[in-house]
Amino acid sequence: MTGRSRLDGQEVRVLDADGTPLTWAVAGVTGGDGAVRLDEVDAPGVLVQYYFLRGERTVLVELPALPEVTVEGTLETWWRDSERAWQVWIDRPLAKLPAPLSELLEPELVGRS
């Protein structure tokens, strides 16, 4: 990936599979592998409950820069430098979503089929 992604550094809202808001975070792109890192998570405890207590993994990510766009993904977590790290693996490539979305965001950010 060359240059800085349009998602990188953007505030995103994470919702559960039913569309109920869970938390806000700052998106950080991990590379061309389809994952979006969640930095500066406002309510990490809510994600912990969703992931571990409810056993849920499917989330929706809203992109405020494109309010009509919500993408679905799989929530992932692990320990990094003695704190919990979060990311969302985008399950559906943007190329499959209606235009003009595929023209606005870089398809390599969210994976390919």
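Let's start at a loop: Asp-81 sits in the stretch between strand 5 (70–80) and strand 6. This is a predicted model, and in it Asp-81 has a positive phi of about 50° although it is not a glycine. Asp-81 is also exposed, because its relative accessible area of 68% is over the 50% cut-off.

Ser-82 belongs to that loop between strand 5 and strand 6 too. Its phi is positive as well, near 60°, and again the residue is something other than glycine. Is Ser-82 buried or exposed? With a relative accessible area of 71%, Ser-82 is exposed.

Now for the overall fold.

For a look at one pairing, take strand 3 (residues 35–39) and strand 6 (residues 83–90): they run antiparallel and are joined by 4 bridges. Within that pairing, Val-36 stands opposite Val-88 of strand 6.

**The core**

Val-88 turns up again when you look at the nonpolar residues. The largest nonpolar core has 21 residues, and Leu-38, Leu-47, Val-59, Leu-75, Trp-86 and Val-88 are those with the most contacts inside it. Which elements supply at least two residues each to this core? Strand 1 (11–16), strand 2 (21–29), strand 3, helix 1 (44–53), strand 4, strand 5 and strand 6 each do. As background, nonpolar side chains in soluble globular proteins tend to be buried together.

Leaving aside neighbours within four places in sequence, Val-59 is in contact with a list of residues including Val-14, Leu-15, Leu-22, Tyr-50, Val-71, Leu-75 and Val-88. Glu-72 and Gly-73 are among the contacts of Val-59 as well.

Thr-58 is found in strand 4 (residues 58–62). Thr-58 is partly exposed, with a relative accessible area of 29%. Which residues does Thr-58 contact, leaving aside neighbours within four places in sequence? They are Asp-16, Ala-17, Tyr-50, Glu-72 and Gly-73. Take Gly-73: it is 15 residues away from Thr-58 in sequence, yet the two are 5.8 Å apart in space, C-alpha to C-alpha.

**Salt bridges**

How many salt bridges does the structure hold? There are 3, and here they are:

| Side chains | Distance, N to O |
|---|---|
| Arg-13 and Glu-62 | 2.8 Å |
| Asp-39 and Arg-37 | 2.9 Å |

The side chains of Arg-13 and Glu-62 meet in a salt bridge. Arg-13 lies in strand 1 and Glu-62 in strand 4, so this pair ties together parts that are 49 residues apart in sequence. Arg-13 counts as partly exposed, at 23% relative accessibility.

Arg-54 lies in the loop between helix 1 and strand 4, while Asp-16 lies in strand 1, so the pair ties together parts 38 residues apart in sequence. Arg-54 is partly exposed at 48% relative accessibility, whereas Asp-16 counts as buried at 4%.

That leaves the salt bridge of Asp-39 with Arg-37. Arg-37 counts as partly exposed, at 23% relative accessibility.

Note on methods
Residues are numbered from 1 along each chain as its sequence is written. This is a predicted model: local features need pLDDT of at least 70, side-chain atom pairs count only at pLDDT 80 or more; totals for chains, interfaces and linings use all residues. Side-chain values use heavy atoms; hydrogens and water are left out. Buried means under 20% relative accessible area, exposed over 50%, partly exposed in between (1.4 Å probe, protein chains only). Contact means heavy atoms within 4.5 Å. Two strands pair if DSSP finds at least two bridges between them. A nonpolar core is a set of buried Ala, Val, Leu, Ile, Met, Phe, Trp, Tyr and Cys residues joined through side-chain atoms within 4.5 Å. A salt bridge is a side-chain nitrogen of Lys or Arg within 4 Å of a carboxyl oxygen of Asp or Glu.
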